[in-house]
Amino acid sequence: MCGIVGYTGPRAAYPIVLKGLKRLEYRGYDSSGVALLHNHHINVYKKKGKVAELEEATIGQDVQAHIGIGHTRWATHGEPSDRNAHPHQSQSGELAMIHNGIIENYTQIKKELESKGYHFKSDTDTEVLLNFIEDIKINNNCTLEEALRIALKRVVGAYCILLISKDEPDTIIAARKGSPLVIGIGKGEHFLASDASPIIEYTKEVVYVNDYEIAIVKPDELILKNLGNEKQTPFITKLDMELAAIEKGGYDHFMLKEIHEQPNTIHDCLRGRLLPQSLQIMMGGIENNMDAFINANRIMIVACGTSWHAGLVAEYLIEEFCRIPVEVEYASEFRYRNPVIHKGDVIIAISQSGETADTLVALESAKEKGAFIFGVVNAVGSSIARLSHAGAYTHSGPEIGVASTKAFTGQLAVLMMMALKIGYAKGTLPKDRYVQLMHDLESIPEKIKEILADTSNIERIAEKYKDAADFLFLGRGYNFPVALEGALKLKEISYIHAEGYPAAEMKHGPIALVDENLPVVFVATKDSYYEKIVSNVQEIKARKGKVIAVATVGDEVIPGMADDVMFVPDADEAIAPLLSVVPLQLLSYYVGLYKGLDVDKPRNLAKSVTVE
Ligand code: AGP
């Protein structure tokens, strides 16, 4: 959950590293720091707070260097503070290191080192690993690379580390297991980072470092080795994103920009795949593994957070159109519940970042048990994408805002195409319905444009309810997961306590919460549950609850009952989640904005949760 950046080459390292940290700040932002190596001397500057505070604190300091490493932190071991911020220096001061991940057996190693007289300046697992490496280097009288290899064979946990030494003036030694690392290849220079966003403006040629690999990086040399000290051939990938994709593009916040990008990102996701004219859905990952899906006794969907909500929508889609039983699993529970997995079981893994540790480790154990892993991922080249047997990218582009918006609708679009393709191939989805749903899906980008054309009503509603202490979000059928997603977005962005429920579940307890101070958001678009949801609205109104409804354009009943309404164009109930979630994304954005909160970097959160 931290951001890591490194540079070695002819340019001044500090400005490159600092700019890179700002690009990665969405990964973690409770403290940051840089280590700069110049004339066999390492200058370390680190500060609690955002990268801007580090920049402020470094004014007037010696930042000369052609090699540097930088870190923006999301605390796991040791509270956010200057002394726990990275980089850490070894006891001798010879080495400096940054780390993204968790060393689970660090207390044991720390005890061993303390018994040898080591003292620690911070509470972090990282400083323990660093001194462990130094201790091995001294006692084995070996190279830094060899010491690192020996140390990594002892540690348990996840890591991406960058290491520099006073004695190696132009070399960064890096290693990864579980936490992401990308290396950008320039002319006589190399860039290292947790993802491509700090690298894209310098080069499009990158190498995604694999688990258990060590990289020895010099300005004009990149060597990859495994922990067995065997050289690995770097696989160079060309980045297919533009710098503009990771800039705000005139919007005040990445979240608002990404909400407004959805007509284009969904269009990009459908392009070349959804071909209603030829009755085809082109998805190679499905096509090449159709038997696995058609013959599946069940499908398990594994994910976290917003991606888990997309999985819930997929449960309704796959069970209705493919008649295959689906179980939707919280990855963190699935991992340790020792689930019953049979060889050939199909697991759909959903992840925007492709680096979420809970999901990654759950998939690793399921894969060992013989499951077929199909990844629905946004980040190209990410760990979950590479671990999956097959998959489909959502093509939503880089998502910078911590609250997932365009990636969620990208996931829904991919999952809808998967369900339609498998259902039609399996013969459980009749042709006319298949065609009708394809056309409905194709019309979504234009319909979202209609919602985004005028958001003043949603802004008014956000202003009206921004001071509420609690919110309830209710929906039925396909709209139930949308209600959950609406509640999560509001929690993340506004820090208001919000819960999502199946609307009928209210009378089994939660309705006790209802009074004139409780805003209740109904996702009540026209669908097969409509009559039922109308009576649920009446139940809330009867108890003076304030009803905010997401309703279908042209509906007069729900608007007649609700206190406030956010309209969306009509669509088939199976496709409607792509529309009904948009007003909820905007509602949470504007409530957070009107409360003066940092909507792109909400407190206590990070974009990709790379530790368990
Ligand atoms: C959603 O807004 C949150 N950022 C979070 O719940 C997120 O969906 C979750 O951490 C899963 O991330 P992933 O899709 O990158 O795996």
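**Ligand site and selected local features of the predicted model**

The ligand sits in the second largest pocket, where a pocket is an open set of points on a 1 Å grid over the protein atoms alone, with protein on both sides within 12 Å along at least five of seven lines, and where a molecule counts as sitting in it if more than half of its atoms lie within 2 Å of its grid points. The structure is a predicted model, in which local features need pLDDT of at least 70 and side-chain atom pairs count only at pLDDT 80 or more, whereas totals for chains, interfaces and linings use all residues. Residues are numbered from 1 along each chain as its sequence is written, and side-chain values use heavy atoms, with hydrogens and water left out.

The ligand is surrounded by 14 residues, the closest being Ser307, Ser351, Gln352, Ser353 and Thr356; a residue is assigned to this shell if one of its heavy atoms lies within 4 Å of the ligand. By residue class, the shell divides into 4 nonpolar, 8 polar and 2 charged residues, with Ala, Val, Leu, Ile, Met, Phe, Trp, Tyr, Cys and Pro taken as nonpolar, Asp, Glu, Lys and Arg as charged, and the others, Gly among them, as polar. Helices α10 (305–322) and α18 (479–494) each supply at least two residues of the shell, and the largest share, 3 residues, comes from α10; helices (H or I, at least four residues) and strands (E, at least two) are DSSP runs numbered from the N terminus.

At Thr306, a polar backbone atom is 3.0 Å from an oxygen atom of the ligand. The protein covers 91% of the 410 Å² of accessible area that the ligand has on its own, as computed by the Shrake-Rupley method with a 1.4 Å probe.

Across the whole structure, 11 aromatic pairs are found, the criterion being ring centres of Phe, Tyr or Trp (its six-membered ring) within 6.5 Å, with planes under 30 degrees apart counted as stacked, over 60 as edge-to-face and the rest as tilted. The rings of Tyr7 and Phe191 have centres 5.2 Å apart and planes at 50°, so this pair is tilted. Because Tyr7 belongs to strand β1 (residues 3–8) and Phe191 to strand β10 (residues 190–193), the pair ties together parts that are 184 residues apart in sequence.

Technical notes. A polar contact is a pair of N or O atoms within 3.5 Å; within protein, one must be able to donate a hydrogen and the other to accept it, and residues adjacent in sequence count only if both atoms are side-chain atoms. On a 1 Å grid over the protein atoms alone, a cavity is a set of points where a 1.4 Å probe fits but cannot get out, and a pocket is an open set with protein on both sides within 12 Å along at least five of seven lines; lining residues have an atom within 4 Å of a point.
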